[in-house]
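Let's take a friendly walk through one protein model, starting with its strands and then moving on to its helices.

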Amino acid sequence: MASGLDPVPLALTRQKTDPAWKHCQMYKSGDKVQLKCLYCGKLFKGGGIHRIKEHLAGHKGNASTCLRTPLDVRQQMQQSLEGVVAKRRRKQKIDEVISTINPQTSNEEIDAFAVQSDANGKALSPIRAAALDFVKVHNESANPNSNSYINQEGGVNKSGVRRKRAKGKSIPAAPEGVNLSCMALSTKRVNSEIHTAIGRFFYDIGASLDVVNSVYFQPMFDAIASGGPDVLPPTYNDLRGPILKSVLDEVKNDTTKHTAAWGKTGCSLMVEQLTTEMGRTFLSFFVYSPEGKVFLKSVDATDFVHSSDILVEVLKQVVEEVGVKNVLQVITKGEEQYMVAGKKLMDIFPTLYWSPCAAECIDLILKDFENLEWISAVIEQARSITRFIYNHAVVLNLLRRYTVGDDIIEIAGSRSATNFATLKRMVDLKPNLLAMVTSQEWVDCLYAKKKEGLELLDYANNESFWSSCILITRLTSSLIRLLKIVSSGKRPAMGYVYAGMYKAKEAIKKELLKREDYVAYWDIIDRRWERHWSLPLHAAGFYLNPKFFYSIEGDIPSEIISGMFDCIERLVTDTKVQDKIIKEINSYKSAAGDLGRKMAIRARESILPAEWWSTYGGGCPNLTRLAMRILSQTCCAIGSRRNLISLDQIHESRNCLEHQRLSDLVYVHYNLQLRKVGNVGGGPMDPISFESRNLVKDWIVGKDSSVEEYSSSDWMALDPPSARSLLVGAATGETEDLDTGFNDYEILNRAKDGEDDNVEDNAAN
C-alpha cells in the first residue's frame, strides 16, 4: 500500500462492472481517487479505469505496460478494449441513423412496441420485435397497404411464404418523420427480459447457478445474439447426437496438439480417485504437460482399489497408452496400496518414477496443524465472528461497505486451506472490521446489541485474539503458498516444490526462534513429507532451477546432488549421453558460455526455468533436454475441479451404445473443464452460496444451529458481493514470492532433536 493513502471507505457500486476493477485497488488522497495495479503496484493518479485496463492489456500510449500481469488477465483486458472500440463504432452508426430522422417517441409508444405481435397474433420478444420494426416501417412507407415484415435475409408475406430480397439491394433509408420505435427501445428493458428468461430456464431445470462462470457462457450468449431473430434452439436429439459428435471431434483434435508435445517435454500421468454419491470408486486418468492437462478416461475401481496387484496392471496399461518414452512420472494418492503399486510400476518401467500427490500431503500437514488444540480454539473463535455476520443481511452489507466490497472469508482449495486463508484475510481486514464496530452506524444497529454482536465487538478489540491469528498465519502462509504452487495448472511446479517446503520450514523457524518450539512443527511436516524429501525429481527440480541453484552459498547438500544423479541414470538410458550430461553440469556450475551472460543472469528470476534452459542452454544440449523434461512436470494428482456429470450413470448404463455415448460425454466434459485453466471464467464464488458449502460450512453455519434461528434474515436485502472480493490478499505470483537464499543446513539436512518424543505436546504448548 502506498504510504499516506487511505482506502476509499465505500463499496464498489453495481455500476463498476468493468472487468479491470477486479485487478486494481482504489485509494483516496485528499479529494482525489487514485487507482493502484494489484500486480506491479503502480499508482495511477488520473485516467480512470480505462487507463488501468490499457496498463494491464499492454497497450502503449496512455499507460506503461504491467510486466507482472498474468497472461489470462492480459488477454481478457485486450478483448475488453476491443469490445469498447466495437461498441463505440456501433453507437456511432446508430447515432448516424438517428440523425437522419426526427423521431419523437413517447413512453407510451415504447410500451406498446414492447408487446407488439407477429402476423399470427403471438407476442414477440423485445429483441425480435426490435429487429423487425425498422424494416416494417420502411416497408409500410413504401407500400402503405402492406402488412409484410421483411429483413435482410428476405421476408414473409401475409400468406406466410418467405420471399427473398434481390441480391445486392439494400433497404433505403427511412424517410424523414418516420417513427422508428426500435431506436428508442431501452437497452435496460431488453436486458431485463433476456436475463429473466435465462433465470427462468435455470430455475426450472435446477442447474447450479455457478455455470454462468463458465468461460463458454459468454461465447454461447454471443453466438445466440449473432444469429438474429431467426435462430432456433437445438433439440434433445441434436444435443445427444450431431452436436455431441461435433464437439467430441473438436476436443479430440485439440488433444492431438497436446500429445505432439509429450515427446519433447515429457508428461506426468495423474491418477485421481473419486467416490460417487452411490459409494462407487472411480479412477480418473489425466496427462499433464506444459501444454495443459488432458483427460483420458475413468475406470470403475470399486472392486480393486485396495489391491496393489490389480492397480499396477491398470497403471501399466494406461502408461502404455500414453507412451512409455513420454511418461516421466505417475502421480497418485499416498496411501499404502498406491505406494506398493508405484514401486512395482517402477520395476516394470525403469525409465519413470512414482510420486505421491504433493497437494494431498500439504493439505494433511495443514490439517495436522489445525488439530492442535490452541490453533483449533482460535479458528473456532474466528468462526463465531463470521457465522454472525454471514447470517444477517444488515450486518453483512455493513461489513462489505467498510471492506470496500470484500469478504472476510476466503475460499481456498480445501477445508483446511480455507481455514488458514480465511484467518489471514481477517488479519488483513482487521482495520476495516474495527472501523465498522466503532462506527455510529454499528452503534445504531439493532444487531450490535445482540449477544453475538457484543461478542463480535469483544473479539474485534481483543489484542490477544488478533496476536494468535497473526501467529497462525505466519506459521501457515508459506504452506498455503506452496499448496497454490503445486495445485496450479498455469505453470509446472517441479522446479519450486523443494524450495517451497524449505521456505515453509524457514518461516516457522524465524517466527518461533527457540529450537524446541519450531522443531515440534517441523516434525509434523517431516512425518507427512518424508517421502517427498527423498524424491529424486523434487531434488533435481531444485538443482536445475537457476534461480535457486546460483543462490546457494557453499556446497550443495549431498541429497540434492544424489537426486540429480539418480534422475540422470533413470531418465537417460544411453550411457554415453549420461557422461555428456555430467560434463555439461560443470559448465552449468561455472555459468560458462551463454549461461553466464548478463541477460541469462537477469532471466534466472524473470522467466520459467524450463524456458531459461531453452533460451540459454544451447551450449549444454544434453543437459538442456533433460532439464526441460524434468522442469516441465507437475507435482499434483488432482485433475479437475469437479465432475458435474455423474460417473454412476456410466456404470448403471447396461446398453453398450448408451454406455459409449455417456463415456464420450464425460470425455468432452472433463476436457472442456480443463481448457479453463488459465482462463478467466467469471466472478468469484459467493461464500454463502450452496456451491461453496463443502469448503466454508463451518464458517457460516454453527454446529448445532438451524435455519429457523435466523428466520428474521432476508436474503433479498443482501447486497451482492464484490466481483473482486477473492482477489484481495491473494498472491499474484506465488513462485515469484519464493525468495532465494538456502543456507540453513539444519533445514537442508533435516536435523532432529532425538530427545523430543512428544512433538505434538510441545507444539500445543
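Begin with an open sheet of 5 strands, in the order E10-E9-E8-E11-E12, with mixed pairing. Strands pair here if DSSP finds at least two bridges between them; helices (H or I, at least four residues) and strands (E, at least two) are DSSP runs, numbered from the N terminus. Strand E10 (292-300) and strand E12 (353-356) are at the edges with a single partner strand each, so one side of each has no neighbour in the sheet. From one strand to the next, the twist averages 25 degrees; axes are lines fitted to C-alpha atoms, for helices over the stretch in contact, with angles from 0 to 180 degrees between N-to-C directions.

This is a predicted model: local features need pLDDT of at least 70, side-chain atom pairs count only at pLDDT 80 or more, and totals for chains, interfaces and linings use all residues. Residues are numbered from 1 along each chain as its sequence is written, and side-chain values use heavy atoms, leaving out hydrogens and water.

Back in the sheet, strand E11 (residues 327-332) pairs with E12 in the parallel sense over 4 bridges. Gln329 has Tyr353 in E12 as its bridge partner.

Now look for helix H9 (residues 242-265), which lies across strand E8 (267-275), strand E9 (281-289) and E10, and runs at about 105 degrees to E10.

Finally, the axes of helix H13 (residues 373-389) and helix H15 (residues 415-428) come within 11 Å and cross at roughly 65 degrees. Residues making the contact (heavy atoms within 4.5 Å) include Ile379 of H13 and Phe420 of H15.
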